[in-house]
Amino acid sequence: MATRIKLTVAYDGTDFRGWAAQAGQRTVQGTLKEAVRQISGEDCEIVGASRTDSGAHAEGQVCHFDCEAAIPPANWVRALNRVLPTDLRIVGSRKVAEAFHSRFCALDRIYRYAFYFGKPDPRAERFAMRVDKPLDFRAMREAGKRLVGEHDFRAFTNELGPDVENTRRRLYKVSVVRKTDLWHIEVRGTAFLKGMMRRMAGALYEVGLGRRKPEEIEALLDPARRHGLTWPVVLPAKGLTLRKVRYGPHPKDNREKNEDDL
């Protein structure tokens, strides 16, 4: 009888072509599937909580798979890390109920977009977008507050497929945090449309540069007012990190119609 295993995964996405498996491409999902096959001898489907873009990173991505191998759940961390590349690590593993689904049972997700203001540094710039112009912190923080709540985020996405009809999402918190050389935008929400986090970060970046006013965010969220407005820029994926996926004490299906994650 198969056991359902939940993994918490961290990765440096620089050299991955995103989460989702693609033929002939190095992806996080594909690399994990091959590692599980090496350990168990089984061809297990790896189901992720979020489909991060090519070049984006994760500290707390979650996935699950079903496996019949007689491996204690806690031992998957050490076993998989022995065969995985150093830019992909398992940070936690445990057995979960058969009804658990890493994507559909998630309560919310926390993403962070980072800006680096220091001197050129290849290590810092691997995980942040370097900025060499001053940004208006107060204006960015004010604009971020206007994103909180349930809105139609179509103006904050990439092109969507014809099957995606529902572009309403709920954000619980949008924070702009300022440190000496590193600023970040952190967002907690139920689910995110494709490209939504990077375009929201782009909107706040444009506000910081003075190219948009904070109140324009409200117009972009309103289908009746956004016609004719230029949609926000999509910032580079390297500044984006999936920090955490949260679940309740008794996970249940929380999917939203036509949900499309990053």
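Mentor: With residue classes: Ala, Val, Leu, Ile, Met, Phe, Trp, Tyr, Cys and Pro count as nonpolar, Asp, Glu, Lys and Arg as charged, and the others, Gly among them, as polar. This is a predicted model, in which local features need pLDDT of at least 70 and side-chain atom pairs count only at pLDDT 80 or more, while totals for chains, interfaces and linings use all residues. Residues are numbered from 1 along each chain as its sequence is written, and side-chain values use heavy atoms, with hydrogens and water left out.

Trainee: How is a pocket read, and what volume does the largest pocket have?

Mentor: Rolling a probe the size of a water molecule over the atoms shows where empty space is left. On a 1 Å grid over the protein atoms alone, a cavity is a set of points where a 1.4 Å probe fits but cannot get out, whereas a pocket is an open set with protein on both sides within 12 Å along at least five of seven lines; lining residues have an atom within 4 Å of a point. Grid points are joined across faces, edges and corners, and a volume is the space filled by probe spheres set on the points. Here the largest pocket has a volume of about 250 Å³.

Trainee: Which residues of its lining lie nearest the centre of the largest pocket?

Mentor: Glu-59, Ala-114, Phe-127, Leu-182 and Thr-241, out of 16 lining residues. Helices (H or I, at least four residues) and strands (E, at least two) are DSSP runs, numbered from the N terminus. Two or more lining residues come from each of strand S3 (57–67), strand S5 (108–116) and strand S9 (182–189). By class, the lining of the largest pocket has eight nonpolar, four polar and four charged residues.

Trainee: What lines the second largest pocket?

Mentor: Its lining includes Trp-19, Gln-29, Glu-45, Arg-51, His-101 and Phe-104. The space in the second largest pocket is about 160 Å³, and its lining divides into five nonpolar, three polar and three charged residues.

Trainee: How many disulfides does the structure hold?

Mentor: A disulfide is a pair of cysteine sulfur atoms within 2.5 Å. The structure holds zero. The sulfur of Cys-44 has its closest cysteine sulfur in Cys-67, 4.2 Å away, which is too far for a bond. Cys-105 is in no disulfide either, and the nearest cysteine sulfur, that of Cys-63, is 14 Å away. For accessibility, buried means under 20% relative accessible area, exposed over 50%, and partly exposed in between (1.4 Å probe, protein chains only). Cys-44 is buried at 3%, and Cys-105 is buried at 2%.

Trainee: Which residues of helix H3 are buried?

Mentor: An α-helix has 3.6 residues a turn, so residues three or four places apart point the same way. In helix H3 (residues 137–145), the buried residues are Phe-137, Ala-139, Met-140, Ala-143 and Gly-144. They lie on the same side of H3 because they cover an arc of only 165 degrees around the axis; the arc is that of the directions from the helix axis to the C-beta atoms. The face turned away from this buried side carries the exposed residues Arg-138 and Lys-145.

Trainee: What do the buried residues of H3 pack against?

Mentor: Contact means heavy atoms within 4.5 Å. The buried residues of H3 pack against S5, strand S8 (168–178), S9, helix H4 (196–209) and helix H5 (216–220).

Trainee: Where is Leu-220, and is this residue buried or exposed?

Mentor: Leu-220 is in helix H5, and it counts as buried at 0% relative accessibility. Beyond its neighbours within four places in sequence, its contacts include Asp-152, Phe-156, Arg-226 and Pro-232.

Trainee: Is Arg-211 buried or exposed?

Mentor: Arg-211 is exposed, with a relative accessible area of 55%. This arginine lies in the loop between H4 and H5 and touches Lys-133 and Glu-206, not counting residues up to four places away in sequence.
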